[in-house]
Amino acid sequence: MLNSELAIGIDIGGTKVLGGVVDQSGNILRTFREDTPKSGGHQLNQSIAEVILELLTTHKVEHVGISAAGLVSSDRATMLGTPNIKDWDGVNIASALFELCGIKTVVENDANCAAWAERVYGAGKGLENVIMVTVGTGIGGAAIVNGQPLRGANGTGAEFGHMRVVPNGELCGCGISGCFERYASGSALMRRAREAIASNPTGAKEILARGNGTIEGLIGSHITDAARDGDQIAIGALATIGDWLGAGIATLSMLFDPSIVVIGGGVVGAGELLLEPARKAMMREMPFVGKHPVPEIVAAKLGNGAGLVGAADLARN
Ligand SMILES: [Zn+2]
């Protein structure tokens with residue numbers, strides 16, 4: 001018998017295809033994973049189908065949602081463009097999976113999935129207007145508007161990372177220059193930290209030691225860890241990123257009027273060292289400040305499971 005209260009969510013990551021059975025309270029009852037095939041395309045579809053079929057052996061569910069990084073068509077079926085997966089652009093994933101495992105699926109942008117999970121079970125629980133900004137390698141964006149995820153006419157809505165914030169600024173991977181994610185992402189944090197270290201190598205000895213003594217050896221978690229331990233270079237780099245983030249959020253507030261802005265992604269592990277500069281910058285850059293309520297800026301609550309849980313819940317809604 002089909003269980004309509006349960007749904008399967010699949011999170012397609014760079015290294016793993018993680019599937020889970022999710023109940024109506026957002027609990028993950030069972031997971032199953034496979035490695036993400038480097039060849040992408042058909043191989044990846046097959047891995048997803050295998051994960052679905054394995055989960056179906058124990059839980060007979062009707063609804064399956066797929067969370068994927070990239071632009072997804074507004075009918076929730078086709079990958080229009082994906083930054084990290086080979087041979088997936090233009091592929092109708094839903095029909096490929098129907099052929100492979102005989103079950104209907106819906107495909108959703110990963111940021112939409114995470115935002116939906118935060119809105120139903122996490123930091124934005126019960127709220128009708130929620131924005132999520134995911135600060136990772138790039139910037140992922142999603143907007144829940146009047147209780148519904150904003151997909152737009154073609155599925156490219158709420159891609160905040162590619163909002164232009166600096167005319168003729170740094171060149172972005174999307175093909176234009178001056179995008180928000182060139183200034184407020186985890187990659188931007190690394191660039192700012194490396195610049196600060198290069199200009200003050202003596203003061204940077206401690207932070208350099210975290211990455212085998214070289215600038216190249218440093219990764220994002222070294223910066224957030226160093227900041228939490230009081231390292232001034234790391235704190236400064238996070239404050240710079242937080243400032244860009246908050247300034248961008250001020251603009252987004254005037255577009256979407258959310259009651260809350262949820263910040264996700266690895267960099268939010270720095271907590272208030274990122275969020276406090278963001279709040280200050282939002283107030284500094286907010287149009288008509290003092291004349292209207294402004295959104296709260298908070299950290300995401302659900303962590304890595306959010307994509308899977310959100311995809312499952314969107315599939316049954
Ligand atoms: Zn861009």
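Visitor: How do the residues lining the largest cavity divide into nonpolar, polar and charged?

Guide: This is a predicted model, where local features need pLDDT of at least 70, side-chain atom pairs need 80 or more, and totals for chains, interfaces and linings use all residues. Numbering starts from 1 along each chain, and side-chain values use heavy atoms, without hydrogens or water. A cavity is a set of points on a 1 Å grid over the protein atoms alone where a 1.4 Å probe fits but cannot get out, and lining residues have an atom within 4 Å of a point. With Gly counted as polar, the lining splits into three nonpolar, six polar and four charged.

Visitor: What volume does the largest cavity have?

Guide: Volume here is the space filled by probe spheres set on the points, with grid points joined across faces, edges and corners. One cavity reaches 30 Å³ or more. The largest has about 90 Å³.

Visitor: Which strand gives the most to that lining?

Guide: The lining has 13 residues, and Asn-109 is among the closest to the cavity centre. Strands are DSSP E runs of at least two residues, numbered from the N terminus. With three residues, the top contributor is strand E7 (residues 106–109).

How values were computed: On a 1 Å grid over the protein atoms alone, a cavity is a set of points where a 1.4 Å probe fits but cannot get out, and a pocket is an open set with protein on both sides within 12 Å along at least five of seven lines; lining residues have an atom within 4 Å of a point. Helices (H or I, at least four residues) and strands (E, at least two) are DSSP runs, numbered from the N terminus.
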